[in-house]
Amino acid sequence: MDNILLEPMEVHVSDLTWDQFIYPREKKSEKTIDTYVEALAIGAQFPPIKIQKVFNYADGNGTTDLPAGRHGATIILDGIHRWSAFKESGIAKIAAVECKDKPLDYEKNKVALLLESAKYNISHGDRLSPGDKKRIARDIASTDPECKWTESALAEKLGVIQQTVNTWISDIRARHKACRKTVILRLSRLGWTQEKISETVKLSQNRVSEIIGNTNFGNIDILLSQGHDMDYISRHYQMDLALAWALRLEVMTDQGKFKELGWGLRTWDQWNFNKCDERFGDDWPGRIPAQLIAHTLFYFTKPGNLVLDPMAGGGVVPDVCLLFERKCQSFDLALRDNRPEIQRYYWDPQNWTWPVTKKPDLIFFDPPYFRKKEREYEKKTNAECPSISSFTKEEYESFLEGFLLLSKRKSKAITRMAFLNADWRDFESTSASKENPVNSITIFDYHRILTKTGWKVTHRIECPLSSERISGNQVQKMQDRRILGTVGRTLLIAKRS
Ligand SMILES: C[S@@+](CC[C@H](N)C(=O)[O-])C[C@H]1O[C@@H](n2cnc3c(N)ncnc32)[C@H](O)[C@@H]1O
């Protein structure tokens, strides 16, 4: 992107959009903002922030003087802390420089804008953390299946060495490069029929059958004994990391697999995992740890059993099924280019249908936790197929009732329902004693709905979320206002009553 910086001008603080893709700082530094607020109070001047007008922007608020109907916005490329400080100080206008004087097509220039913003932020001020840079590299790699951005170009833009970029994105690149052969093996291991695989990969059924019968990756152990790691091996065979691991773990017992993956096996009903294992599943809003699924499979299924994942998101359930040699059928309303095993499917409460013919042994049901991440899920879909996270409380509860009734009808007597959810309370800006329970849905409601729809809850397993992502500053603010947060997340296991 040619960089023409224009004359500074004054813009309304409230007209600017912080786009998390373009300016992906996971945590703004509250300390920096506080310092800026104090500096503003004593009349300090700040250099102008950098902005860009865009159109074709889904969340557009129409601030870019575009013709009616063209969604536009003015997004911040540099200066998120200054902008936040102005907002907090109640100052209406801020000095800004436009990067280009004409609005740009957001969808076409997304990656270029992301890199432009990264460039400003590696060279000054509150530098991007290694975590931010990693996220930028991974975001770009995920939207770049043709590898137009080389590792060295990304390394240069992000101010790191090429080897670092390789480590960050090798799994994504491996998945994009995964040849048809490994896609066929993945689908076949997850239990897809050869007919369906042949339709999906557009090869004759005979050829599919030949590939399934004749492909042999006997050298994994040799490569390991030569000191190569699993990232190298997945690249070497042009397969995704989960399949490479599945081949390595083949024929081991479930317990042996836990050991080899470095996951301690939990014996009690408290499954506490600090973070997601990045090897399995994609970055996805509400992604859950692979270890949580592995434990569910360990306790409630056997190798060869069929698992249904109706809302698969980042695909961590199919990845773990692959590792533990369970079959899997997975669906989501979001279209996934790089995950052929997740079929696009909309669970429509106006017209319930069931896309699976064989009855599952386990249903791993991980719906959006009511309104949590509403905006993120909205971005994955369109108005005709809204995510259930944008439903009212009544619609959401009635959706769960409809889905649970249907799944009961389509299950076997021994089918287990693994239902994951968390209390949703309206605590964001409300002190605990003032919360209005009318706005909340809790695990007790989910228990009630399961019981009402003919599912008997047999186990309740606590799988808390990590509270590490909340900064000390935010914690202090919550304590000052007596806000009681929630990190609880519960897995309810049920069977037909
Ligand atoms: C909590 S996320 C699943 C996360 C996933 N288990 C993971 O670890 O990545 C819930 C998913 O439900 C999907 N979803 C919401 N409403 C849906 C509907 N009516 N039909 C199909 N999928 C839906 C969303 O797109 C989202 O990916």
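Author: Let us begin with a term that we will need: a polar contact is a pair of N or O atoms within 3.5 Å. Please also keep in mind that this is a predicted model.

Reader: Which backbone has an N or O atom that lies 2.8 Å from an oxygen atom of the ligand?
Author: The residues that surround the ligand number 20, and the closest are Trp284, Ile288, Gly314, Asp332 and Asp366. A polar contact needs two N or O atoms within 3.5 Å, and an oxygen atom of the ligand lies 2.8 Å from a backbone N or O atom that belongs to Gly314.

Reader: How many residues in the shell around the ligand are nonpolar?
Author: The shell can be sorted by class, and it has 3 charged residues as well as 4 polar ones. The count of nonpolar residues in the shell is 13.

Reader: Why do the buried residues of H8 line one face of the helix?
Author: Helix H8 covers residues 194-201, and in it Ile197, Ser198 and Val201 are buried. An α-helix has 3.6 residues a turn, so residues three or four places apart point the same way. Seen down the axis of H8, the buried residues line one face because they fall within an arc of 100°.

Reader: Is Gln52 buried or exposed, and which backbone nitrogen does its side chain reach?
Author: Gln52 lies in strand S3, which covers residues 49-55. Since buried means under 20% relative accessible area, Gln52 with its 0% is buried. A polar atom of its side chain lies 3.2 Å from the backbone oxygen of Lys102, while at 2.8 Å the side chain of Gln52 reaches the backbone nitrogen of Lys100.

Reader: How far apart in space are Thr430 and Gln476?
Author: Thr430 lies in the loop between strand S11 (416-421) and helix H18 (443-452). Not counting residues up to four places away in sequence, Thr430 touches Glu435 and Ile483. Thr430 and Gln476 are 46 residues apart in sequence, and in space, C-alpha to C-alpha, they are apart by 14 Å.

Reader: What is the relative accessibility of Gln238?
Author: Gln238 has its place in the loop between helix H11 (230-236) and helix H12 (241-249). Gln238 is not a glycine, although its phi is positive, at about 50°. Gln238 counts as partly exposed, with a relative accessibility of 37%.

Reader: What is the phi of Lys373?
Author: Lys373 is found in the loop between strand S10 (362-365) and helix H16 (374-378). Lys373 is partly exposed, with a relative accessible area of 29%. Although Lys373 is not a glycine, its phi is positive, at about 65°.

Definitions and conventions: Residues numbered from 1 in each chain as written. Predicted model: local features only at pLDDT ≥ 70, side-chain atom pairs only at ≥ 80, totals over all residues. Heavy atoms only, no water. Near = heavy atom within 4 Å. Polar contact = N/O pair within 3.5 Å; in protein donor to acceptor, adjacent residues only side chain to side chain. Nonpolar A, V, L, I, M, F, W, Y, C, P; charged D, E, K, R; others polar. Buried < 20%, exposed > 50% of the residue type's maximum accessible area, 1.4 Å probe, protein only. Helix = DSSP H or I, 4+ residues; strand = E, 2+ residues; numbered from the N terminus. Arc of directions from axis to C-beta. Contact = heavy atoms within 4.5 Å.
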